[in-house]
Amino acid sequence: MTGKPLRCATYTRKSSDEGLDQSFNSLDAQREACAAYIASQKGEGWLGLTARYDDGGFSGGNMDRPGLTRLLADIEAGRIDVVVVYKVDRLTRSLSDFARIVDRFDRRGVSFVSVTQAFNTTTSMGRLTLNVLLSFAQFEREVTSERIRDKLAASKKKGMWMGGLAPLGYVGHERTLKIVPGEAGTVRWCFARYLELGSVHALQRELKDRGVVSRVRVSGKGRTTGGNPLGRGQLFHLLKNRLYVGEIVHRGQAWPGLHEAIVDRETFDAVQALLASNITPRKVLARQSPATLVGLIRDATGGLMSPVTARKDGKVWRYYVSSKLQRGAGVAMPPDGLKRVAAVPVEEMVADALRELIGDPNASWERMRELISKVTVHTDRMALALTLEARACAIRDVPPPAADGSVTLVVPARLQLKAGRVWLEAGAYGRTDRRRIDRTLVAGLRRAHRELVKVGIHPSGGARAWLDCRGIDDRYIRRLATLAFLAPDIQTAILEGRQPVGLTLQSLIEMPLPLSWEDQRIAIGITA
């Protein structure tokens, strides 16, 4: 025996937990082989530690393993000199992870030994050989993954159910799905009732009133989930699920399944058409709507508020609504909180406060967007969280920083109800003159008229005259000249500075402007 004893830790791992309940399992076999190897090196001063570092049921493709975590912690604490494993891939199957582990071993002077492959990382040749071996181990793992994916795709093309959580109305049965009669009736009722109501919100309320809940599931570890009222997201998924018409879907493609359908094709197609007609216009309106506070505005609880567009009496109204409320979840608001607020006054108040802060009445929203990180709405005020840039360019005094270093500008406001809609009006310190003449936008509008005059076209001739025109070859000028055909009241609002906060010359040119003046007002956000 030479020198001080070398403290040896044995690490074992098995990817699945199958067979671990046996009296002598794979981990025991690995540990026994490592113990025999350590005993054979007793003359070199090797001493096996009693601490066990086992990971049963953990993949070697990641580092999130309790046994490995304890092993690395003890290495950092200086309690281990040699790490012994049965095979290299028991430690890890990832080449990049292996490199990081060995680097940590080297920093603490710890050697690494594989019993069946006789490798030792204390030598350069040992490191080279280990890297080559790990490369092949990683290659084998990737090939196995590809083989599993190919088998999964081939099985689904044959209509097989390849496992997972079966949807409401079905249970897994061998390689297919078996109908649960009671749940299947609920599914059919949901499809039929949605066609009558035309609203997922209304359907969700009726299901809740009827006491319909999701299926109760018990995991292998005894954890119980489900048994809750169906949410909007669950209902959308249910109404779009092609399993209910007897199809198996894989990566966007559908094949006839081996299971029996619950919903007939005619009903399913009618539901998809109704869903598309309800959802698509809202997406289009959202793209056209100048909702400048998206991602910034929050309610009094700190939850995000999302833009919502509604039509009434031929007009379009924009709101910011608590995201939790949109998802159908209950929202407990404090006394000074709002679940829903009209968008226009909030956007104007934010813009006015920021323009006053930096002393630039014509500042564009693109510039002001960088001045705030959050806007919190209350019934009597709005709190604007200022960025460092805002504090640097402010010409008026800003509030002192809070304990965490943040600076919040409070804008007084008061709650007003107009025709059932919640508005926030500027308080005593708010500006009453909200006109913001955008000189660039006005100049662009005037140039549009001049360019038409050059080629002998007058906007009073109608949009058809412009569509038939071939006198302007420059693509940018042709797009700019379309502004001359905006509704007269829209052009007047631009000249007087009453355009929406986020409207700029560039955004207006890039916007696909409708021919109808009424549709133009809706797209731009200016009401007649």
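Begin by selecting helix H19, residues 517–524, where Gln520, Arg521, Ile522, Ala523 and Ile524 are buried. Please note that the model on display is predicted.

**The ends of H19.** Ser516 caps the N-terminal end of H19. A side-chain oxygen of Ser516 lies 3.3 Å from the backbone nitrogen of Glu518.

How far apart are Arg521 and Glu518 along helix H19? They are three residues apart, and therefore separated by about one helical turn. An α-helix has 3.6 residues a turn, so residues three or four places apart point the same way. Is Arg521 buried or exposed? Arg521 is buried, with a relative accessible area of 15%, a value that falls under the 20% limit for burial. Glu518, by contrast, is partly exposed, with a relative accessible area of 35%.

**A network of four residues.** Select Asp28, Arg31, Arg52 and Asp54 as one group. Salt bridges that share partners join these four residues, Asp28, Arg31, Arg52 and Asp54, into one network.

**Between helices H6 and H7.** The structure holds 19 salt bridges in total. For one of them, select Glu206 and Arg193, whose side chains meet at 2.6 Å, N to O. The pair links distant parts of the chain, 13 residues apart. Glu206 belongs to helix H7, residues 200–209, and Arg193 to helix H6, residues 181–197. Glu206 is partly exposed, at a relative accessible area of 23%; Arg193 is likewise partly exposed, at 23%.

**Between strand S15 and helix H11.** Finally, select Glu347 and Arg318. Their side chains meet in a salt bridge of 2.7 Å, N to O. Here too the pair links distant parts of the chain: Glu347 lies in helix H11, residues 343–358, and Arg318 in strand S15, residues 315–322. The two residues are 29 residues apart. Are Glu347 and Arg318 buried or exposed? Both Glu347 and Arg318 are buried.

Methods. Residues are numbered from 1 along each chain as its sequence is written. This is a predicted model: local features need pLDDT of at least 70, side-chain atom pairs count only at pLDDT 80 or more; totals for chains, interfaces and linings use all residues. Side-chain values use heavy atoms; hydrogens and water are left out. Buried means under 20% relative accessible area, exposed over 50%, partly exposed in between (1.4 Å probe, protein chains only). Helices (H or I, at least four residues) and strands (E, at least two) are DSSP runs, numbered from the N terminus. A polar contact is a pair of N or O atoms within 3.5 Å; within protein, one must be able to donate a hydrogen and the other to accept it, and residues adjacent in sequence count only if both atoms are side-chain atoms.
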